[in-house]
Amino acid sequence: MIQNHEYWMAKAIKQAQKGLYSTHPNPRVGCVIVKDGELLGQGYHVRAGEGHAEVNALADAKSRGNQDITGATAYVTLEPCSHHGKTPPCADALIKAGISCLVYGMQDPNPEVSGNGLKRIAKAGIEVVGPILKAQCEALNPGFIKRMREGLPFIRVKLAMSVDGRTAMESGESQWITGPNARQDVQRLRAQSDAVVTGIGSVLADNPSMTVRIDHNDQPVDAKTVRQPLRVVMDTALSILPDAKILFPTQQACVFCVEEEVESEHLDLLQERGVRVRFANRGEDGRLDLLTTMEQLADDGINEVLVETGAELAGGFLQAGLVDEIVVYMAPKLLGSSARPMFQLPLDTMAEALDLELKSVRQVGQDVRLVYVPQYLEYDDGLLDIDEWGVAQDA
């Protein structure tokens, strides 16, 4: 068997991928414990409030009959925590277990704690090696990293379009541009997102629920590990109807509006029904300031946001420089020149055009999925291409 740091860190990354849909607001982390080239135990962080990856890997080693791991090497995708939260510090657990070496993928991006876990382990006389496969480890948690470093979530804009670049007929009719495979792929995007954002225009036109709908026939996954994202409506004047599907259950939804635009009676009615209404700043265009709303979501622990909306709000996110990734599903259809575009952007000359970098292309059924990155961003090539609900299977 190949015995090197990259090999075992790749195993730890596969463990971390199992938490793709469940760890919010915590990062996805994997750990494997190795001694003399043999795997003793492995684990990943499943959900907040439960054991971290290191603790779960130690427990797995014990369950396999490996009671003594003295002298073993622990491979962890993210620096072990060094502070007391809902669980004790993982650095202490590894020290107590008697490992002789820690190999880490990346440091904790939280500037208040970054490096502390590594220092604690090194101070205990344990060899510390890393970072190993840093780009791939960072790709596990683009939202958590961005929230820690910039105070903003990682924002994806998802669009479905025809070959001629149209998203809906002139009347607004859009169901269905893409086929069933692409629509199921979108469910995976929703499931890995902490919040799904849409505009009031889409809500009034389509009355969507924006929930994660799992097709168990195609994607066998334990539904208990897939949590529903927060559903967020951008609604400047608070014109949403009290019985809109997207509002229920109310604990998984919120509406952003500008306070001075709101009618008090309508606000009272929504709040009586348990709807969470949040006030935000007005932008220069008179509508919601998208930057401050995203900052509020980050303050709530939202790591990844999926924007599913019409051309106007999608264009607003792009103009505000908030979009980290654009995911386009292109269907083999032509909708015609009067149909609606992907983005509303006030561009008049080629000099104003926004360049995109194509990161991946994949056929999904009869449709094509294209992933782009706006070129106002510095971007790392480390993103993982994840296409299955059960991402990582044991070797």
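A: In this predicted model, Tyr75 touches Asn4, His5, Trp8, Met9, Ala12, Gly30, Cys31, Val32, Val34 and Val103, leaving aside residues up to four places away in sequence. Tyr75 belongs to the largest nonpolar core, which has 37 residues. Within that core, Tyr75 is one of the five residues that touch the most other members, along with Met9, Ile33, Ile69 and Leu102. At least two residues of the core come from each of these elements: helix H1 (5-17), strand S1 (30-35), helix H2 (53-63), strand S3 (73-78), H3, strand S4 (101-106) and H4. In soluble globular proteins, nonpolar side chains tend to be buried together.

The axes of H2 and H3 come within 8 Å and cross at roughly 30°. An angle under 35 degrees counts as roughly parallel, so H2 and H3 are roughly parallel to each other. On the H2 side the contact uses Glu54, Val55 and Leu58, and on the H3 side Cys90, Ala93, Leu94 and Ala97. By type, the residues of this contact are 6 nonpolar, no polar and 1 charged.

H3 also packs against H4. Helix H3 covers residues 90-97 and helix H4 residues 116-123; the angle between them is about 20° and their axes are 9 Å apart. H3 and H4 are therefore roughly parallel to each other as well. The crossing of H3 past H4 is right-handed. From H3, the residues in contact are Ala91, Asp92, Leu94 and Ile95, and from H4 they are Gly117, Arg120 and Ile121. These divide into 4 nonpolar, 1 polar and 2 charged residues. Leu94 takes part in the contact with H2 and also in the contact with H4. An α-helix has 3.6 residues a turn, so residues three or four places apart point the same way.

The setting for this part is a protein chain of 395 residues, of which 50% count as buried. The chain contains 11 helices and 16 strands. Among its contacts with a separation of 6 or more, 70% are between residues 24 or more positions apart.

The C-alpha atom of Ile214 is 9.1 Å from that of Ala191, and the two residues are 23 apart along the chain. Asn207 lies in the loop between H8 and S9 too. Although Asn207 is not a glycine, its phi is positive, at about 50°. Asn207 counts as partly exposed, with 30% relative accessibility. Met210 is also placed in the loop between H8 and S9, and it has a positive phi of about 60° without being a glycine. Its relative accessibility is 8%; because buried means under 20%, Met210 counts as buried.

Two cis peptide bonds can be described next. One runs from Gly130 to Pro131, with omega near 0°. Pro131 sits in the loop between strand S5 (127-129) and helix H5 (134-139). Another cis bond joins Phe248 and Pro249, where omega is about 0°. Pro249 is found in the loop between S9 and strand S10 (253-257).

The last stop is helix H11 and strand S13. In helix H11 (residues 311-319), the residues Ala311, Leu313, Ala314, Gly315, Phe317 and Leu318 are buried. Gly321 follows H11 and has a positive phi, near 70°. Glu325 is part of strand S13, which covers residues 325-331. Glu325 has 5% relative accessibility and so counts as buried. In sequence Glu325 and Phe154 are 171 residues apart, while their C-alpha atoms are 8.3 Å apart in space.

Conventions: Residues numbered from 1 in each chain as written. Predicted model: local features only at pLDDT ≥ 70, side-chain atom pairs only at ≥ 80, totals over all residues. Heavy atoms only, no water. Axes fitted to C-alpha atoms, helices over the stretch in contact; angles between N-to-C directions. Helix = DSSP H or I, 4+ residues; strand = E, 2+ residues; numbered from the N terminus. Parallel < 35°, antiparallel > 145°, perpendicular 65-115°, else oblique. Left-handed = near helix turned anticlockwise from the far one by under 90°. Contact = heavy atoms within 4.5 Å. Nonpolar A, V, L, I, M, F, W, Y, C, P; charged D, E, K, R; others polar. Core = buried A, V, L, I, M, F, W, Y, C linked by side-chain atoms within 4.5 Å. Buried < 20%, exposed > 50% of the residue type's maximum accessible area, 1.4 Å probe, protein only.
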